[in-house]
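Hi everyone, thanks for coming. Today I'd like to walk you through some ring pairs and a pocket. Let's bring up the picture.

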Amino acid sequence: MRAMISPTCPSAVPSTSAPPRRASRTVTSRRSAAWRSRAVALDPFADPAPPREDLPDSDWCERVVVGRGSKHSDHEGDTLVVRAFTREDVPDVAALLLGSGMSGFPTERRTLEVYLAGAIGAFPFGTYLVGVLNGEVVATVGVSFNADTRRKFTTLAPPVDEAYLSDLTVLEERRGGGLGVAMLRGAEAFARAMKSDEMWLHVALKKPKVCALYADNGYSVAGIDPGLFGWRGRLLMRRKMFE
């Protein structure tokens, strides 16, 4: 899996768990911004809202220094470049998702690729991020910032105006080396660039190691859906993006 690395990425940052402090300047919350946009939409004579200029563009990327993995340290000290996926990345992202064993997206490769290609235009409010290591796409994760760019939930629905993370996966042969945590850090950096106060996610109860990974990286349980007789039970977890 080969990919271009954007030359505009900032210097690499360590894959640490502590969230940064919010900048001293006043940042309008997404909830209040969403409320105002709804109020404007109710007025048929109002001017259209101007496009947001403080959100990341398609060249956004984050360099994350990989820490020690849970199983090996082969990638410790390497730099993972996290950026939004492009049309050229669609086959790699499809392969990662199909190889993850997760559900919630088309299982036929061609159908999934068509679905992913159609999602590119939703940036920045919904996108898949890719993790590139030495020119190779080795990980991906979905991030969403409104109800239109995520699945519909009948239980444990996260706030529609906060960041939501899904489908985090790493190439099977590279798992256990810290790339998953580095990818999570990259997704959190994107959420901060989108001015989100919190990141939310679901994790299956049948995956205790994944639950522990998120807990170890600052996520707390916000809700529990035990499922039907333990089938498809899951947690809703969240983490603040700023202190």
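Let's begin with Tyr219: it counts as buried, at 4% relative accessibility, where buried means under 20% relative accessible area, exposed over 50% and partly exposed in between, with a 1.4 Å probe and protein chains only. Tyr214 is buried too, at 7%.

A quick word on the source: this is a predicted model, where local features need pLDDT of at least 70, side-chain atom pairs count only at pLDDT 80 or more, and totals for chains, interfaces and linings use all residues. Residues are numbered from 1 along each chain as its sequence is written, and side-chain values use heavy atoms, leaving out hydrogens and water.

Now, how many aromatic pairs does a search of the whole structure find? Six. Rings of Phe, Tyr and Trp (its six-membered ring) pair if their centres lie within 6.5 Å; planes under 30 degrees apart are stacked, over 60 edge-to-face, and the rest tilted. Tyr214 and Tyr219 make an edge-to-face pair, with 5.7 Å between centres and 75° between planes. Elsewhere, ring pairs join Trp60, Phe123, Phe145 and Phe190 into a cluster.

On to the largest pocket, which has 50 lining residues; Met102, Leu168, Val203, Lys207 and Val210 lie nearest its centre. On a 1 Å grid over the protein atoms alone, a pocket is an open set of points with protein on both sides within 12 Å along at least five of seven lines, while a cavity is a set where a 1.4 Å probe fits but cannot get out; lining residues have an atom within 4 Å of a point.
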